[in-house]
Amino acid sequence: MAAYVPVRWVAPLLYGAVLVGGLYYAAAGLGDGPGSTVWRTVGFVAAIGVLLAVEAAGHRWPAARVPLLLARCALIGAVVLIDASGLSQVLFVLLPFTAYFAFGRTTALALGALCLAGLLTAYLLTAPGWYRDLEHVSDLLMLTVGLVLALSMAAVAVGEQRARLELQEYAARVAALSAATERNRLARDIHDSLGHHLTAMSVQLEMASDFRALDPDAAQRALNEARRSVRLALGDVRQSVRVLRGETEPPALSAALAGLARDGGAPPRVTVEVHGDEDGYGAAELTALYRAAQEGVTNARRHALASRVTVVVRLAGNVARLVVTDDGRGFAPDAAATGFGLVGMRERVQLVAGSVEIDSGPGAGTRLTVTVPRGKTGER
């Protein structure tokens, strides 16, 4: 069991109460025990002072649990022998109380039983017929009640500390998962936005380089498209910053998809069709559809060597369906399943309870189908 922190005010409060009671008893001349009253009082005060020092040491060196417990036992026994008032017997409840935090319930219960057994043994040896003496019986009952209350209080305190530690661990796990989720989201956004525009820029710059001598006008058009891709990439960066700052608004899917069609300065030629009403679809759902279309166009441009790409979106009352087809060279879907783009697209679509299907084959082009239900997601 992990060591918990005892309730700090309990022990000093009891020590103070016993000290005041013992000093009053001595000042009133009520003591009739053996030995000089002055020396007994001095020893009594000194023992209480050492007990307070032991409590302070326990807070400073919590690992020294066993030596501190033994020191408390010895000092409390000495105080009980020196104190003529008998009030110091209440200090026995501190032994199982502090042991509960340091060693657990079993050790605390054992110490409580030993305290009761020790008091009974003392009565048997020093007070024959104690069970007929009201004062002795009441002292035993009061100690029993005090032990029960002390153990109950320790159990409640330990339970509260355990719950707080578990809550802190849970909060740390939630924070770690939230951080991982946000990292994955940012990775998808960077890949889907900047990756798309950088791919277009790469193709356009290659065209400009290839046609620089043969067709200067075509090279210039490719450079202009590359500059446009740079502006779009900067716009996506600003949009990502607005998302992080919580200043974004739901995207307009038709306008965003039209931007894909305008990326026509370099092959393939992209045509877009949007049917239906976007109302009722959340930002997460519309973004998933747009990013999936963007990934399909980027892959057609980067890998498929396609000449034509068709993007069709149908927004129905309960489900939206995106179909991206190209006439490129195709691929084996299982071989590309580990690509980051497809992995990120599947993650994004799964977050909105959607599904992704890829139909492709070598030389047969590619058909990407994304289905997203309406109104089943939260925030993006």
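The following legends describe close-up views of a predicted model.

Local features require pLDDT of at least 70 and side-chain atom pairs count only at pLDDT 80 or more, whereas totals for chains, interfaces and linings use all residues of this predicted model. Residues are numbered from 1 along each chain as its sequence is written, and side-chain values use heavy atoms, with hydrogens and water left out.

View 1. The structure contains three aromatic pairs (rings of Phe, Tyr and Trp, the last by its six-membered ring, with centres within 6.5 Å; planes under 30 degrees apart are stacked, over 60 edge-to-face and the rest tilted). The ring centres of Phe97 and Phe101 are 5.2 Å apart and the planes meet at 70°, so this pair is edge-to-face. Helices (H or I, at least four residues) and strands (E, at least two) are DSSP runs numbered from the N terminus. Phe97 and Phe101 are both buried (under 20% relative accessible area, with exposed over 50% and partly exposed in between; 1.4 Å probe, protein chains only).

**View 2. Aromatic cluster of Tyr123, Trp130 and Tyr131.** Tyr123 and Trp130 form a tilted pair, with 5.6 Å from centre to centre and 40° between the planes. Both of these residues, Tyr123 and Trp130, are buried. Together with Tyr131 they make up one aromatic cluster.

**View 3. Arg374 over the face of Tyr281.** Arg374 lies at 5.7 Å from the ring centre of Tyr281. A charge is taken to sit over a ring if NZ of Lys or CZ of Arg is within 6 Å of the ring centre and within 35 degrees of the ring normal.

**View 4. The largest pocket and its lining.** The volume of the largest pocket is about 990 Å³. Its lining has 33 residues, of which Val80, Gly86, Gln89, Tyr123 and Asp139 are the closest to the centre. On a 1 Å grid over the protein atoms alone, a pocket is an open set of points where a 1.4 Å probe fits, with protein on both sides within 12 Å along at least five of seven lines; lining residues have an atom within 4 Å of a point. A volume is the space filled by probe spheres set on the points, which are joined across faces, edges and corners. Two or more lining residues come from each of α3 (65-82), α5 (105-126) and α6 (134-211), and α6 gives the largest share, eight residues. The lining comprises 17 nonpolar, ten polar and six charged residues (Ala, Val, Leu, Ile, Met, Phe, Trp, Tyr, Cys and Pro are nonpolar; Asp, Glu, Lys and Arg are charged; the others, Gly among them, are polar).

**View 5. Strand β5 and its partners β3 and β4.** Seven of the eight residues of β5 (residues 366-373) are buried, so the strand is largely enclosed by the rest of the structure. Strand β3 (residues 319-326) runs antiparallel to β5 and is joined to it by eight bridges, with Val323 partnered by Thr369. Strand β4 (residues 355-360) also pairs with β5 in the antiparallel sense, over six bridges; strands pair if DSSP finds at least two bridges between them.

**View 6. The hairpin of β4 and β5.** Five residues separate the strands, and Gly363 takes a positive phi near 75°. Ser360 has Thr366 as its bridge partner, while Ser355 stands opposite Thr371. Thr366 is buried, with a relative accessible area of 11%.
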